[in-house]
Amino acid sequence: MAHAFRRRADGSLACRLDGEEKAIIAQVAQETADLIRADLGIDADGDALRRAAQSEDPLRRLEAEFAGREAREPSDPAVKRLFPAASEDPALAQEYRRLGQQDLAEGKLADLRRVMAILDRTGNGHSEVVVDDDESIALLRALNDVRIVLADRLGLQRDGDFDTVRMLQQIGEQVEGAESAGDEEHVGSDIVIAVYELLSWLQESLLRALD
């Protein structure tokens, strides 16, 4: 069972998670990273493009500039939430994407990789997860991005929507014969709701410990 984050005497922040909780968080972080890469067309060449942009070879830098000129507009609704249009003017919005979307995406992917690395170093089973202040900020950003993706999948649009979803789930569990509706979609929604609750609790716990 998860224990909330707390500030330790040495200044680090620590919580306790069991093996299943860590595996779930790592999995949704990986799936969020995969979703961003797939929807924005970022693949292994993304790193090569970044290295080319930083190259001392002017030809490689020029090639990188042209390669990165067209930023793909998100098509997945969850990725659209992560990378919203910066302007109502389509031309300006596209220009903002061209100038900043790649860096924003790389930052989000780096945060998600960092979360997976933090969890990986704790090993298997129930254990303490320890982070410093810098890692805690990356963890907060990544948890927020994953929650945004899950919120989209749950159809949450406004504050308070999750309470409604949770209430409907509890009502469904209490309805006689509800188990007959235990199809894969229903079970999947229950899992997403549980993961969303876990991440929300963990994020709030970390915010409180940082105060």
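This is a predicted model: local features need pLDDT of at least 70, side-chain atom pairs count only at pLDDT 80 or more; totals for chains, interfaces and linings use all residues.

Q: How many helices and strands does the protein have?

A: The protein has 8 helices and 3 strands. Starting at the N terminus, the order of the elements is β-β-α-α-α-α-α-β-α-α-α.

Q: And what share of the residues is buried?

A: Of the 211 residues in the protein, 37% are buried. The accessible surface is about 12,500 Å², and carbon and sulfur atoms account for 51% of that surface.

Q: What about contacts with a separation of 6 or more, how much of that is between residues 24 or more positions apart?

A: Those pairs make up 74% of the contacts in the protein with a separation of 6 or more.

Q: Switching to helix packing. At what angle do helix 1 and helix 6 pack?

A: The angle is about 80°, and the axes are 10 Å apart. Helix 1 covers residues 19–40 and helix 6 covers residues 133–154. The cut-off for roughly perpendicular is 65 to 115 degrees, so helix 1 and helix 6 count as roughly perpendicular to each other.

Q: Which residues make that contact?

A: From helix 1 you get Val28, Ala29, Thr32 and Leu35. Helix 6 brings Val146, Val149 and Arg153. By type, the residues of this contact divide into 5 nonpolar, 1 polar and 1 charged.

Q: Staying with helix 6, is aspartate 152 buried or exposed?

A: Aspartate 152, which lies in helix 6, is buried, because its relative accessibility is 15% and the cut-off for buried is under 20%.

Q: What does the side chain of aspartate 152 make a polar contact with?

A: With the side chain of arginine 153, at 2.8 Å. Arg153 also turned up in the contact of helix 6 with helix 1. Not counting residues up to four places away in sequence, aspartate 152 touches Pro77, Ala78 and Arg81.

Q: And leucine 139, where is that?

A: Leucine 139 is in helix 6 too. Leucine 139 has a relative accessible area of 7%, so it is buried. Leaving out neighbours within four places in sequence, its contacts are Phe5, Val115 and Leu206.

Q: How far apart are leucine 139 and leucine 202?

A: In sequence they are 63 residues apart, and in space 10.0 Å, C-alpha to C-alpha.

Q: Back to helix 1. What's the relative accessible area of isoleucine 36?

A: Isoleucine 36, in helix 1, comes out at 0%, so this residue is buried. Apart from neighbours within four places in sequence, isoleucine 36 is in contact with Gly41, Leu82, Phe83, Lys108, Leu109 and Leu112.

Q: New topic: loops. Where does threonine 122 sit?

A: Threonine 122 is in the loop between helix 5 (90–120) and strand 3 (127–131). Threonine 122 is buried, with a relative accessible area of 18%.

Q: What does its side chain reach?

A: The threonine 122 side chain reaches the backbone oxygen of leucine 119 at 2.6 Å. There is also a polar contact of 2.9 Å between the side chains of threonine 122 and lysine 22.

Q: Which residues is threonine 122 in contact with, leaving aside neighbours within four places in sequence?

A: Those are Lys22, Ser127, Glu128 and Val129.

Q: Last one, alanine 2. Buried or exposed?

A: Buried, at 13% relative accessibility. Alanine 2 is in the segment before strand 1 (3–7). Excluding residues up to four places away in sequence, alanine 2 touches Arg16, Leu17, Glu21 and Trp201.

Q: And how far apart are alanine 2 and histidine 126?

A: The sequence gap between alanine 2 and histidine 126 is 124 residues, and in space they are 8.8 Å apart, C-alpha to C-alpha.

Notes: Residues are numbered from 1 along each chain as its sequence is written. Side-chain values use heavy atoms; hydrogens and water are left out. Helices (H or I, at least four residues) and strands (E, at least two) are DSSP runs, numbered from the N terminus. Buried means under 20% relative accessible area, exposed over 50%, partly exposed in between (1.4 Å probe, protein chains only). Contact means heavy atoms within 4.5 Å. Accessible areas come from the Shrake-Rupley method with a 1.4 Å probe; for residues, only the protein chains shown count as cover. Axes are lines fitted to C-alpha atoms, for helices over the stretch in contact, and angles run from 0 to 180 degrees between N-to-C directions. Angles under 35 degrees count as roughly parallel, over 145 as roughly antiparallel, 65 to 115 as roughly perpendicular and the rest as oblique. Ala, Val, Leu, Ile, Met, Phe, Trp, Tyr, Cys and Pro count as nonpolar, Asp, Glu, Lys and Arg as charged, and the others, Gly among them, as polar. A polar contact is a pair of N or O atoms within 3.5 Å; within protein, one must be able to donate a hydrogen and the other to accept it, and residues adjacent in sequence count only if both atoms are side-chain atoms.
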